[in-house]
Each structure stands twice: as structure tokens, then as C-alpha cells.
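Welcome! Have a look at the sequence and the model, then work through the steps.

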Amino acid sequence: MNLNLTLLLARLWGLIFLIAGLYMLFKRQMLMTILRETIKNRTLLYIIGWIELIIGLVFVEIHNVWFGSALPIIISILGWMLLLEGLLYVFISRHFLDKIYVWLHEKKVFYVIATCYVVLGSYLAYLGFFGY
């Protein structure tokens, strides 16, 4: 395991999740509009899926660590999740995407996810920058 790579990825993932979570908390309506429009555009979703799939494969290839402390394992899980999300976007049906949109449209669900993003992002960023 390369500790420097783990810390770099923790900082990157941490900042991404922290910024995304804060944005979700303050711009819910706009994000729901963007999500609705993205779901309608199958070509865009297909392209996003392939980009996520490729980036996920890179993350999995460079950091696939399943031992040691929690941080390297969390980073590896995030890489696999990105890869799987990319596959999902490439192959998922419009009907299933509509169900996800309805689920996310519930304010409680949306804000719980946003809060989890902020907490995970803060944790990863802290460990990546200061605490590991």
C-alpha cells in the first residue's frame, strides 16, 4: 500500500464529497432540476456513465487495498462504487431512473444523503490533510 496515494485520494474524495454535500444542502431545487433533465437525456447519461466507469476503473487499478486501517479500505470502496455507478448509468433503464428521482425528491432522503456526503467528506479530508 502506498500511503501517499491513499492520503492524496482521501484529500480528493474528501473535498469532492464535502463540496457536493454542501452544495446539495443549499441548492436542492436546482440539483433536482438538473437531475430531472439529465434523466431525460439518455445520451448524456450514457456519456456520464462511461466517464464514471473509466475513472472508476482507474481508481480500482491504482488503489485496491482491502487491509489495514479504515481509510485505505474506504478509498477502495469509493473507487468500486464509482465504477459500479458508471455501469449502472450505462445499462440502467429509464423506468428505474425515474424511480430513483422520485425517491430523491423526498426532502428527508435528499438531506440525509447530503448530510452523509458532508460527514464523509469532512472525515476523509481531515484524515487526508491532518490526521492520518
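A residue counts as buried when its relative accessible area is under 20%, and as exposed when that area is over 50%. Keep in mind that this is a predicted model.

**Exercise 1.** Find which residues of H5 are buried, and work out where they sit around the axis.

*Solution.* Start with the helix itself: H5 has twelve residues and reaches 16 Å from its first C-alpha to its last, close to the 16 Å expected. Next, pick out the buried residues of H5, which are Leu97, Tyr101 and Leu104. They cover an arc of only 70° around the axis, so they lie on the same side of H5. Now turn to the face pointing away from that buried side: it carries the exposed residues His95 and Val102. Finally, ask what covers the buried residues of H5; the cover includes H2, H3 and H6.

**Exercise 2.** Describe how H2 and H5 pack.

*Solution.* The two axes are 10 Å apart, at an angle of about 175°. H2 is therefore roughly antiparallel to H5. On the H2 side, the contact includes Met32, Leu35 and Ile39, and on the H5 side Leu97, Tyr101 and Leu104. Sorted by class, this contact has six nonpolar, one polar and five charged residues.

Note on methods
Residues numbered from 1 in each chain as written. Predicted model: local features only at pLDDT ≥ 70, side-chain atom pairs only at ≥ 80, totals over all residues. Heavy atoms only, no water. Axes fitted to C-alpha atoms, helices over the stretch in contact; angles between N-to-C directions. Helix = DSSP H or I, 4+ residues; strand = E, 2+ residues; numbered from the N terminus. Parallel < 35°, antiparallel > 145°, perpendicular 65-115°, else oblique. Contact = heavy atoms within 4.5 Å. Nonpolar A, V, L, I, M, F, W, Y, C, P; charged D, E, K, R; others polar. Expected span 1.5 Å × (residues − 1). Buried < 20%, exposed > 50% of the residue type's maximum accessible area, 1.4 Å probe, protein only. Arc of directions from axis to C-beta.
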